[in-house]
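The chain comes first, then its details.

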Amino acid sequence: MKAILFGALIGSFFGFLLKDLTGERTLITLVNTTRTPGSIASYLLSLATAMMIAGITVVAFARKKDAQPILSVEDFWGGVFVGFLAGYTGKSFLDKTVVPH
């Protein structure tokens with residue numbers, strides 16, 4: 001379980017960075033234009049949120065033993081994959097995978 005969770009955290013970090021580098025709000029832009037600690041803190045809080053979403057999602061998928069899972073997370077690389085998706089898409093990934101409608 002530790003390897004899966006660690007993989008999810010790494011994956012979410014890289015997913016968040018990829019989205020950041022291809023999006024409008026990049027860390028480099030925040031540092032060069034605003035130079036306020038609040039904007040950098042907001043960025044880091046968003047990164048931590050993405051990592052928490054990845055951790056919650058991986059635990060939810062790894063704990064399903066008896067049911068037929070939509071997505072099976074069984075090793076480090078599965079954790080990286082799910083973490084990447086969670087980091088890249090953010091809250092919408094959590095809404096679509098874990099929260100029942």
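The chain holds five helices and zero strands. From the N terminus on, the order is α-α-α-α-α. Helices (H or I, at least four residues) and strands (E, at least two) are DSSP runs, numbered from the N terminus.

This is a predicted model: local features need pLDDT of at least 70, side-chain atom pairs count only at pLDDT 80 or more, and totals for chains, interfaces and linings use all residues. Residues are numbered from 1 along each chain as its sequence is written, and side-chain values use heavy atoms, with hydrogens and water left out.

Whole-chain values are tabulated here.

| Property | Value |
|---|---|
| Buried residues | 32% of the 101 residues |
| Contacts joining residues at least 24 apart, among those between residues at least 6 apart in sequence | 75% |
| Accessible surface | about 6,600 Å² |
| Carbon and sulfur part of that surface | 69% |

Buried means under 20% relative accessible area, exposed over 50%, partly exposed in between (1.4 Å probe, protein chains only). A contact means heavy atoms within 4.5 Å. Areas come from the Shrake-Rupley method with a 1.4 Å probe; for residues, only the protein chains shown count as cover.

The largest nonpolar core has eight residues: Ile4, Ala8, Ile53, Ala54, Val58, Val82, Ala86 and Phe93. Helix 1 (2-22), helix 3 (37-62) and helix 4 (76-89) each give two or more residues to this core. Helix 3 gives the most, with three. Such a core is a set of buried Ala, Val, Leu, Ile, Met, Phe, Trp, Tyr and Cys residues joined through side-chain atoms within 4.5 Å.

Helix 3 also holds Val59. Val59 counts as partly exposed because its relative accessibility is 32%. With Met1, Leu5 and Leu9, Val59 forms a nonpolar surface patch of about 280 Å² accessible area together. Like charges are joined within 9 Å, nonpolar side chains (Val, Leu, Ile, Met, Phe, Trp, Tyr) within 5 Å.

Note on methods. Patches are made of residues with over 30% relative accessible area and no salt bridge: like charges are joined within 9 Å, nonpolar side chains (Val, Leu, Ile, Met, Phe, Trp, Tyr) within 5 Å. A salt bridge is a side-chain nitrogen of Lys or Arg within 4 Å of a carboxyl oxygen of Asp or Glu.
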